Amino acid sequence: MKFYIYNDNPSIKTRKRFDELCIGEKFPFNHPTNYVAVFFPEFEKALSVISPPNINERYNCFAYALGVTEWVVSSVIAQAIKNNDLIPTDNPKNGDIVIYCESSLDYIRHAGKFVSEQVVQSKWASGPVFEHETFMCPLRYGDKATYFKAIDRELVHKLVKKYKDFNKSSFQP
C-alpha cells in the first residue's frame with residue numbers, strides 16, 4: 001500500500017485556516033446557504049462546491065466516500081481495512097476511496113472520493129462536499145493519503161452492519 005505524504009503544498013497556514021473555518025459554532029459552514037460566506041471568495045480558486053450542506057441529511061465524509069447517507073465513523077473504515085474488506089490500490093480510478101490519516105491507518109481522520117490525479121471530492125464534517133486538491137483540506141484531516149477500490153452500496157451496508165459495534169461516536173448527530 002502506497003501512502004502519499006503532505007509536502008507543505010498547500011501551506012500549513014491555509015490548512016489551519018480550513019481547520020478554523022470548519023468549527024461550526026464560530027462559522028456556519030454546515031448551513032445550506034450561509035456556508036458560502038465562510039469559504040468564498042477567500043478560497044474560490046481552491047474549492048469547488050459539489051453539493052451544499054443539507055440539514056435533512058446527516059452524514060459525514062466516511063459515508064460520502066462509501067456512497068451512503070448514514071453516519072459512518074472512522075472505526076468502521078479501520079475495521080474494514082484491517083479485515084481486508086477494503087482493497088488497497090496504487091492506481092486509483094474515478095470513484096475510488098481516499099483515506100486520510102496521521103502516521104498510520106490506526107489514525108484515520110478523513111475520507112473522500114478520488115476524481116483524478118491530485119483531485120478529490122470530500123464532505124467536510126456536516127458541511128458541503130467540495131472538490132479540491134488532495135491536501136487542500138483541513139490540517140486535522142491528516143498528513144497522509146492512500147487509496148482503496150470503491151465498493152458497491154450493498155457491500156457498504158453489509159460492512160456497516162458487520163461493524164455496527166464500532167459505528168458509535170459522540171459526534172454523531
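Helices, of type H or I with at least four residues, and strands, of type E with at least two, are DSSP runs numbered from the N terminus. In this predicted model, the protein chain contains five helices and seven strands. Along the sequence these elements follow the pattern β-α-α-β-α-α-β-β-β-β-β-α.

**Overall form**

The C-alpha trace of the protein chain spans about 40 × 35 × 25 Å along its principal axes. Its radius of gyration is 15 Å, which agrees with the value near 16 Å that a compact globule of 173 residues would have. Of the 173 residues, 45% are buried. The accessible surface comes to about 9,100 Å², and carbon and sulfur atoms contribute 49% of this area. Among contacts with a separation of 6 or more, 60% are between residues 24 or more positions apart.

The seven strands form an open sheet in the order 1-7-3-4-5-6-2, with antiparallel pairing. Strand 1 (4-5) and strand 2 (48-51) stand at the edges; each has a single partner strand, so one side of each lacks a neighbour in the sheet. Strand 3 and strand 7 run antiparallel and are joined by five bridges. Within this part of the sheet, Tyr100 stands opposite Ala145 in strand 7. Helix 4 packs on the sheet, where it touches strand 3, strand 4 and strand 7, and its direction makes about 90 degrees with that of strand 4.

Which residues of helix 4 (residues 74-82) are buried? They are Val76, Ile77, Gln79, Ala80 and Ile81. Their cover includes helix 3 (61-66) and helix 5 (153-162), as well as strand 3 (97-102), strand 4 (104-116) and strand 7 (144-148). Just after helix 4, Asn84 takes a positive phi of about 60 degrees. Asp85 lies in the loop between helix 4 and strand 3. Asp85 counts as buried because its relative accessibility is 17%, under the 20% limit. Apart from its neighbours within four places in sequence, Asp85 is in contact with Gln79, Ala80, Ile151, Leu159, Lys162 and Tyr163.

**Backbone features in loops**

**Cysteines**

How many disulfides does the model contain? The count comes to zero. For Cys22, the nearest cysteine sulfur is that of Cys137, 9.4 Å away, whereas a disulfide requires the two sulfur atoms to be within 2.5 Å. Cys137 is likewise in no disulfide, its nearest cysteine sulfur being that of Cys22. Cys22 counts as buried because its relative accessibility is 6%, and Cys137 counts as buried at 0%.

Conventions: Residues are numbered from 1 along each chain as its sequence is written. This is a predicted model: local features need pLDDT of at least 70, side-chain atom pairs count only at pLDDT 80 or more; totals for chains, interfaces and linings use all residues. Side-chain values use heavy atoms; hydrogens and water are left out. Buried means under 20% relative accessible area, exposed over 50%, partly exposed in between (1.4 Å probe, protein chains only). Contact means heavy atoms within 4.5 Å. Two strands pair if DSSP finds at least two bridges between them. Axes are lines fitted to C-alpha atoms, for helices over the stretch in contact, and angles run from 0 to 180 degrees between N-to-C directions. The radius of gyration is taken over C-alpha atoms; the globule rule is 2.2 Å times the number of residues to the power 0.38. Accessible areas come from the Shrake-Rupley method with a 1.4 Å probe; for residues, only the protein chains shown count as cover.
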